Amino acid sequence: MAAAQPQKLNLDEFIGTALSATPAELHPYFESFRNLYTRKLWHQLTQKLFQFFDQPLARPYRVDVFERFVRDFENKINQLRLVEMGVKVSKDIDNPQTHLSFLTSLLSRTDTESAKEAHVLLLASIAHAKLVYGDLEGTKTDMDTAWKILDPLDGVEGSVNAAYYGVAADYYKAKAEYAPYYRHSLLYLACVDPEKDLTAEERLLRAHDLSISAFLGDTIYNFGELLMHPILDSLDGTQHEWIKKLLFTFNEGNIGKFEALAPLFPKEPILQENFAFLRQKICLMALIESVFKRHANDRTMSFQTIAEETRLPANEVEHLVMKALSLKLIRGSLDQVEEKAQITWVQPRVLSREQIGGLAKRLDEWVNKLNTVENRIAPEVLTSS
């Protein structure tokens with residue numbers, strides 16, 4: 001269905017009406033619009049429009065300027081910039097149906113074949129609007145369409161990636177799918193500058209939600225990317241600061257610290273509700289840590305040793321090791337008769353300062369052993385030569 005055609009622009013009438021209806025602080029913008037439009041300087045006009053749209057005083061007039069003025073020359077300017085302007089002003093439309101109609105009309109008028117990034121940005125924005133209005137199925141449909149276009153593209157602008165990963169993260173949050181939320185939310189943060197693009201409240205909420213998804217994601221056992229991200233600093237000095245400590249506790253596989261923090265779980269009911277899962281997860285992390293601390297030639301562990309390291313009853317150790325093997329956290333084999341586990345590989349992960357110190361100590365020991373061997377065989381080599 002073709003989009004309704006706007007009335008032909010009468011520039012003098014538009015500018016005259018705008019000057020009489022807007023605050024004096026905005027009048028220089030409209031004089032610039034007249035000048036740049038008359039001279040057909042579309043790039044400079046686009047830049048001036050962005051400056052206008054960013055003015056707080058312009059908010060009540062943004063939709064009208066877009067519909068009455070920008071639409072007259074929208075096919076003459078960069079299509080991605082056009083869509084960015086459209087998405088920005090659409091946020092001023094409160095009525096859900098009008099909001100969606102505005103975006104879908106813009107989509108129908110955009111040259112999506114030659115401007116694929118603009119197409120993705122619009123689809124992501126439409127998906128987000130549908131999500132806000134409760135249409136999860138419509139959101140997923142538009143997300144999938146956007147991804148098919150985005151995936152093969154190279155050199156995509158950060159704002160386009162951010163729009164897609166942002167709505168994808170919000171969708172999976174609404175669906176309580178923790179692992180996909182965790183992955184897409186981190187990708188979203190990689191596309192924005194949290195200090196500039198997010199408010200303090202948004203940074204705190206994002207850090208909180210990422211932490212909860214890291215705990216409850218059934219495939220997430222490596223918190224490295226999150227632990228290194230400055231977004232976690234948003235939790236410092238807040239009521240959620242203990243959650244940051246809990247993240248590092250999991251990464252270290254420290255059951256003692258986990259048990260010390262457990263009394264705080266009722267502050268986050270969803271953690272309290274999933275305590276059994278979290279207990280198993282910290283036991284798995286403790287197993288990984290126990291294996292990691294051992295030398296490569298000392299990774300055959302008895303069930304009793306594992307029970308002591310993970311604070312589990314001996315009859316639950318076999319199930320724990322099988323769980324770790326199935327999740328590909330470790331590789332190796334079980335000897336059920338001898339009640340031993342031979343571990344040949346452990347999943348790499350980000351190390352704390354203490355863990356790095358332990359690794360450095362093991363490297364020193366290894367170097368000392370090499371020196372000992374060298375000193376023992378050097379005389380024999382010299383004699384034979």
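Mentor: Of the 385 residues of the protein chain, 45% count as buried, where buried means under 20% relative accessible area, exposed over 50% and partly exposed in between, with a 1.4 Å probe and protein chains only. This is a predicted model, in which local features need pLDDT of at least 70 and side-chain atom pairs count only at pLDDT 80 or more, while totals for chains, interfaces and linings use all residues. Residues are numbered from 1 along each chain as its sequence is written, and side-chain values use heavy atoms, with hydrogens and water left out.

The protein chain has 20 helices and three strands; these are DSSP runs numbered from the N terminus, helices being H or I of at least four residues and strands E of at least two. The radius of gyration of the protein chain is 29 Å, well over the 21 Å that the globule rule gives for 385 residues, so the chain is more spread out than a compact globule. That radius is taken over C-alpha atoms, and the globule rule is 2.2 Å times the number of residues to the power 0.38.

The part to examine is helix H10 (178-190). Its 13 residues should span 18 Å at 1.5 Å a residue, and its end C-alpha atoms are 18 Å apart, which agrees; the expected span is 1.5 Å times one less than the number of residues. The buried residues of H10 include Tyr181, His184, Tyr188 and Leu189. The buried residues of this helix pack against H9, helix H11 (194-197), H12 and helix H13 (224-227), a contact being heavy atoms within 4.5 Å.

Leu189 lies in helix H10 and is buried, with a relative accessible area of 2%. Not counting residues up to four places away in sequence, Leu189 touches Pro194, Leu198, Arg206, Leu210, His229 and Ile231. Along the chain, Leu189 and His229 are 40 residues apart, yet their C-alpha atoms are separated by 9.1 Å.

Helix H10 is also among the elements that give two or more residues to the lining of the largest pocket. On a 1 Å grid over the protein atoms alone, a pocket is an open set of points where a 1.4 Å probe fits, with protein on both sides within 12 Å along at least five of seven lines; lining residues have an atom within 4 Å of a point. The largest pocket is lined by 32 residues, and Tyr188 is one of those nearest its centre. The largest share of this lining, seven residues, comes from H9.
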